[in-house]
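Keep the 3D view open as you read.

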Amino acid sequence: MALFTDYQLNPDLMEGLLSMGYKQPTPIQEQAIPIILNKQDVIACAQTGTGKTAAFLLPIIHNILSSENRHLNTLIIAPTRELVLQIDQQIDGLAYFAGVSSIAVYGGNDGITWTNQKNALENGAEIVCATPGRLMALLQNGDIDFSGLQHLVLDEADRMLDMGFFDDIKSIIKHLPTKRQTILFSATMPPKMRQLAQQITNEPVSVNIAISKPAAGIKQLAYNVFNEQKDKLLDEILSNSEYQSVIIFSSTKDKVKDLERSFLRNKFNAKAFHSDLEQSEREAIMREFKSRRLRILIGTDILSRGIDVDGISLVVNYDVPPDPEDYIHRIGRTARAERTGVAITFINPKDQMRFLTIENLMGIEVEKPIIDESYGPVPAYNAEEIKKPKPPQKGNFKRKKFFKKK
């Protein structure tokens, strides 16, 4: 088992590392850190909760400390404001004793913040962590010199493509020097992702860590229910005082708001987290949740990729996510850093095929307890029946003519 001392990192960086409680590298850190220290391009596949942020920050900060050109040395692009802020906070912690400066660049704030971000890009920061949209706006409204850039990191690159940032990322890269180290982290590697990776990297080294497998410490449960049974079951689950920190996922923003109103009526300490809130409101909610002053956080899949909070005891999927990878990301919010946690999913009849796809992806069958008889009849769940192809429909269909008469 490797130790962080094996990498001969800068002593000031090691002091920050130890002060944050890091002891030994995770598998993704063990594989990626030596490659990045060697200044090679990297394409890394790693699921959430594996320690991927430190996997690229530690070697980059070390390289910055030994670099002659430190101004605008590194650009990190991430899909959401929440993830950008978390990366920036982690930089502050790791580089606390090393004196490396960073700035988070994201939208949804006032004109003063815009000016501060622009000035930092032009004059000061060594590491810039930005969302694609705000970075594009700053590039279009000013002359930002990226000529000395040595590192480009794309974090959660697949999510950025899902959110429609493919063209923005290609435009941003045109402003960067071709001679640089490019580090790409992605949970999945769909064809468009591979296409982008090939275009922006130079002889990259591939690192692949346990894609599409939830952490071993997650106890997964799934309940077959009708929609009208979900709220009562959820109230019963949340009445268990062992679940001190809870995230509830729904696929729609409207349902997130409905659940918040329902919880407030039932005196649960819960708040909704969605894009209609001001940025300051979202940050305040996250501070409450991280400090355990807020027990229940309700949100859409934006939370599944952008929230890094240890000690979450329960994740509830109010509905089955449409993408199996989103399921992995959702439940990955619990059982982080080798802890344990519970993930519960509600499956209505329409979602049964989706959940079967998720089970096939994971290679396991999730335990499905039966709810109490007081709830009334529940949907049947028969995976073998779901798998069977439907018989062709009967009807009066005209036979197509494929040959012309001679």
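## Aromatic pairs

In this predicted model, the structure contains six aromatic pairs. One of them joins Y96 and F97 in an edge-to-face arrangement, with 5.0 Å from centre to centre and 85° between the planes. That angle is over 60 degrees, so the pair counts as edge-to-face.

How exposed are the two partners? Y96 is exposed, and its relative accessible area is 63%. F97 is partly exposed, with a relative accessible area of 34%.

## A pair between two helices

Now find Y327 and F355, which also form an edge-to-face aromatic pair: their centres are 5.8 Å apart, and the angle between the planes is 85°. Where do these residues lie? Y327 belongs to helix α14 (residues 324-331), while F355 belongs to helix α15 (residues 352-362). The pair therefore ties together parts that are 28 residues apart in sequence.

## Lysines over rings

K192 lies over the face of F166, at 4.5 Å from the ring centre. Turn to Y375 and you will find K232 over the face of that ring, at 4.5 Å from the ring centre.

Technical notes: Residues numbered from 1 in each chain as written. Predicted model: local features only at pLDDT ≥ 70, side-chain atom pairs only at ≥ 80, totals over all residues. Heavy atoms only, no water. Phe/Tyr/Trp six-rings, centres within 6.5 Å; stacked < 30°, edge-to-face > 60°. Buried < 20%, exposed > 50% of the residue type's maximum accessible area, 1.4 Å probe, protein only. Helix = DSSP H or I, 4+ residues; strand = E, 2+ residues; numbered from the N terminus. Lys NZ or Arg CZ within 6 Å of the ring centre and 35° of its normal.
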